[in-house]
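Please walk through this structure with me, starting from the overall fold and ending at single residues. The sequence and coordinates come next.

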Amino acid sequence: MTFPYLDLSRGGVIRAKPIIPIRFHGPQGFRQIVALVDSGAEHSVVSIELIESLGLPTKNAQAVEVIGVGGHAGRGYLLDVEHQLGNHHWNAPAIFSDVMDSQSPMIMAQAGFFEFFTVTFKRRKLLMDIRRAR
Amino acid sequence: MSRNARPKKKSPLPIRPRIDVSAFRGEWIALDPETYKILGHGPSLEEARRNTPNLHVMEPLMHFVPRSDAFFIGGAP
């Protein structure tokens, strides 16, 4: 699958970002979000709002702390969720956190995404090639 | 290459979508999954989703627009 980078313009500054559409499935249906493909992030992180929106059971959720560059910390819940990209479905844990609702994009990271896909970034062409890992 | 062999056609590159999100800082926006056109917006994921026309026939692509213009330098925050 080839995905073009997404040009996001904020105040006239255009930034091309490696962003993909990811679908999450839950008891209340599915939601599609755009997420940044970030090979440097340890774990996929998405908005905490998706828990309620998808109706995900939180009984076995594990409270975790997330930390990024600069040491800014936040809290989140680690939950298994069904992901979908194109025709590919897989189950993996993702961190649902409210830190996504302030400054950061949602992130597809090493655990939860890169362990399932081989990703080639073609920055000069502003394209990503994503294939199921074999 | 034989005389009758046709050169392989390169498949066209996908069109790179461009979205101006400057008016929606700190909000969720709902995008058409095919065209990436902004269809609706709101302060929460569900409100933005509900503000999308034709929700009964098409599930929009949701995107949260960060409040800040700061450069994102990777890793979960």
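What percentage of the 134 residues of chain A count as buried? The share is 54%, where buried means under 20% relative accessible area, exposed over 50% and partly exposed in between, with a 1.4 Å probe and protein chains only.

First, the ground rules. This is a predicted model, in which local features need pLDDT of at least 70, side-chain atom pairs count only at pLDDT 80 or more, and totals for chains, interfaces and linings use all residues. Residues are numbered from 1 along each chain as its sequence is written, chains are lettered from A and ligands numbered from 1 in the order in which they are written, and side-chain values use heavy atoms, with hydrogens and water left out.

Confidence comes next. The predictor assigns the complex an ipTM of 0.84 and a pTM of 0.83. Chain B has an average pLDDT of 80, and 71% of its residues score at least 70. Here pLDDT is the predictor's confidence in each residue, from 0 to 100. Where pLDDT is low, the predicted coordinates should not be read in detail.

Now the fold of chain A. It holds 1 helix and 12 strands. Helices (H or I, at least four residues) and strands (E, at least two) are DSSP runs, numbered from the N terminus. Along the sequence the order is β-β-β-β-β-β-α-β-β-β-β-β-β. The radius of gyration of chain A is 15 Å, close to the 14 Å that the globule rule gives for 134 residues, so the chain is as compact as a globular protein of that length. That radius is taken over C-alpha atoms, and the rule is 2.2 Å times the number of residues to the power 0.38. The C-alpha trace of chain A spans about 45 × 35 × 25 Å along its principal axes.

Contact means heavy atoms within 4.5 Å. The accessible surface of chain A is about 6300 Å², and carbon and sulfur atoms supply 47% of that area. Such areas come from the Shrake-Rupley method with a 1.4 Å probe; for residues, only the protein chains shown count as cover.

Chain A also carries 14 positive and 12 negative charges, whose mean positions are 10 Å apart. Lys and Arg count as positive and Asp and Glu as negative, while His and the chain ends are not counted. Each charge is placed at NZ of Lys, CZ of Arg, CG of Asp or CD of Glu.

Turn to chain B. It has 1 helix and 4 strands. From the N terminus they run β-β-β-α-β. Of the 77 residues in chain B, 42% are buried. For contacts with a separation of 6 or more, 41% link residues 24 or more positions apart. The accessible surface of chain B is about 5200 Å², with 53% from carbon and sulfur atoms.

Where do the two chains meet at Asp7(A)? Asp7(A) sits in strand E2 (residues 6-10) of chain A. It is buried, at 3% relative accessible area. Beyond residues up to four places away in sequence, Asp7(A) touches Ile14(A), Arg15(A) and Ala16(A), along with Arg16(B), Pro17(B), Arg18(B) and Ile19(B).

Strand E8 (residues 73-85) of chain A contains Leu79(A). Leu79(A) is buried at 6% relative accessibility. Its C-alpha is 5.3 Å from that of Ala61(A), 18 residues apart in sequence. Contacts of Leu79(A) include Ile51(A), Leu56(A) and Phe96(A). His83(A) lies in strand E8 too. His83(A) is buried, with 0% relative accessible area. Its contacts include Arg23(A), Phe24(A), His88(A), Trp90(A) and Met108(A).

Ile107(A) belongs to strand E10 (residues 107-108) of chain A. Ile107(A) is buried at 0% relative accessibility. Val45(A) is 62 residues from Ile107(A) in sequence, but their C-alpha atoms are 5.2 Å apart.

Finally, the backbone. Most residues other than glycine have a negative phi. Leu126(A) has a positive phi of about 55°. Leu126(A) lies in the loop between strand E11 (117-122) and strand E12 (127-132) of chain A, and is buried at 14% relative accessible area. In chain B, Tyr36(B) has a positive phi near 65°. Tyr36(B) lies in the loop between strand E2 (28-31) and strand E3 (38-42) of chain B, and counts as buried at 13% relative accessibility.
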